[in-house]
Amino acid sequence: MRLRRSRCLTCYWHDSAFVVHPHPHGTPTALHPAAAEILAAFEEWSTPDEAAGHLDHLTPDTVEDAVEALVRSGALLAHGSAAAQLDERIAGQWGAWMPEASFFHYATQDVYDSPQAVDPSGEERDAGAAGSPGPERESLPPLFTGYPDAPRLLLPRGPAGLGAPFEQVLYDRRTHRDFTGAPVSLETLATLLATVFGPVDFIDCGRGALYRRTSPQGGSRQEIDAYVGVLGVSGLAPGWYHYNGLQHALELLSEGLTPAEAARLCADQSWAARPAFLVVLAARLERMSVKYPTPRAYRVCLLDAGHLGQTFALTATALGLGPAQTGAFRDSAVAGRCGLDNTGHTPLYVLAAGHPAAAPQDAPPPAGLPAFGATALLDGRP
Ligand SMILES: Cc1cc2nc3c(=O)[nH]c(=O)nc-3n(C[C@H](O)[C@H](O)[C@H](O)COP(=O)(O)O)c2cc1C
């Protein structure tokens with residue numbers, strides 16, 4: 001039988017054990033680190049005897065036992081098997097995203113098929129009823145992030161002015177990259193922050209209070225905090241602030257932010273120099289992991305960030321602002337400017353808004369015949 005190392009394979013140390021973890025369907029298996037060398041001998045299709053020829057410092061028994069374990073785990077695949085074909089298809093599809101993205105995706109897939117599955121409902125009392133003991137009260141992270149020693153500005157709480165018809169807001173929402181440069185009023189920023197990030201109500205989860213926002217959030221964990229980089233807001237000095245949703249206040253973390261720095265932080269995108277403010281969405285991971293100790297919950301953090309981003313875009317539109325967002329930013333530098341440790345508290349998404357330019361320079365033209373002619377619209381058509 002000819003065997004080859006799975007192309008979809010990640011090896012790591014976990015709790016001092018060396019683990020080979022093939023995806024999507026392999027079994028994470030703790031083995032002696034020599035397994036890595038044995039896997040390397042199966043870089044191309046080889047019989048165990050051929051591979052053993054490259055491993056003459058190991059005894060034939062050691063190689064044989066390891067090969068058996070590696071086949072069982074799915075790290076070594078048999079030529080012509082369905083698993084080998086799937087392995088090749090995944091390697092082809094995920095290409096340059098491998099191994100980081102494919103490993104995370106598949107290693108966190110189908111977790112609900114295992115007996116240790118977490119309750120997907122997100123309801124804390126359900127998990128309690130299922131018998132999983134919760135963490136001690138003292139160890140629970142606080143619902144809100146706050147910087148008690150920071151200078152703070154309590155924000156105005158005027159009428160929201162969000163009466164624009166829903167349909168109009170939905171279809172008017174566009175990503176803007178061209179702004180007038182006029183400052184945004186403090187009232188408008190305050191309304192946007194309260195609407196997107198402030199608490200709407202508080203619920204009893206069976207072991208204490210949680211709060212809900214205008215966006216759905218996995219298990220109502222509200223693990224995402226908002227940090228505001230002010231460039232042009234009336235009455236606010238440029239700099240970095242944390243939005244304290246409990247107090248509806250901005251807490252000053254560091255003074256100074258220039259358009260050039262904003263663009264640099266957003267991976268040198270020139271439009272990012274022009275909005276009136278940036279909003280960094282940063283996950284405080286412990287708020288999520290204390291309830292969901294499965295790595296799949298990290299997906300939920302990313303999904304939660306997306307929901308907040310959409311609510312931000314719609315609310316900004318309803319307030320007459322032009323919203324923007326970017327997944328391209330210098331994570332470590334952004335974390336540094338927001339005062340995040342970038343370990344348990346880490347940036348996920350950068351949003352922005354300002355007064356939109358009347359005739360944006362960079363608005364894409366509508367697609368015409370040449371564009372459609374150059375586009376495959378359906379599977380199987382040229
Ligand atoms: C998650 C996400 C990341 C994005 N990242 C960028 C970005 O890095 N730079 C950029 O100019 N636009 C970015 N955009 C904006 C998209 O290019 C934009 O949404 C798309 O062109 C569709 O236009 P619309 O938002 O006006 O409908 C991003 C949008 C999303 C949802």
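**Note on the two-domain arrangement**

1. The C-alpha centres of domain 1 and domain 2 are 42 Å apart. Domain 1 covers 3-112 and domain 2 covers 137-354; these bounds come from an automatic or database domain assignment.

2. The model is predicted: local features need pLDDT of at least 70, side-chain atom pairs count only at pLDDT 80 or more, and totals for chains, interfaces and linings use all residues. Residues are numbered from 1 along each chain as its sequence is written, and side-chain values use heavy atoms, with hydrogens and water left out.

3. Seven residues of domain 1 contact four residues of domain 2 (contact: heavy atoms within 4.5 Å). The buried area between the domains is about 490 Å², with 60% from carbon and sulfur atoms. Buried area is the accessible area (1.4 Å probe) that two parts lose on being put together, summed over both.

4. On the side of domain 1 that touches domain 2, three residues are nonpolar, three polar and one charged. Here Ala, Val, Leu, Ile, Met, Phe, Trp, Tyr, Cys and Pro count as nonpolar, Asp, Glu, Lys and Arg as charged, and the others, Gly among them, as polar.

5. Leu303 sits in helix α11, residues 297-318 (a helix is a DSSP run of H or I, at least four residues, numbered from the N terminus). Leu303 and Gln247 are 56 residues apart in sequence and 26 Å apart in space, C-alpha to C-alpha.

Conventions:
Helices (H or I, at least four residues) and strands (E, at least two) are DSSP runs, numbered from the N terminus.
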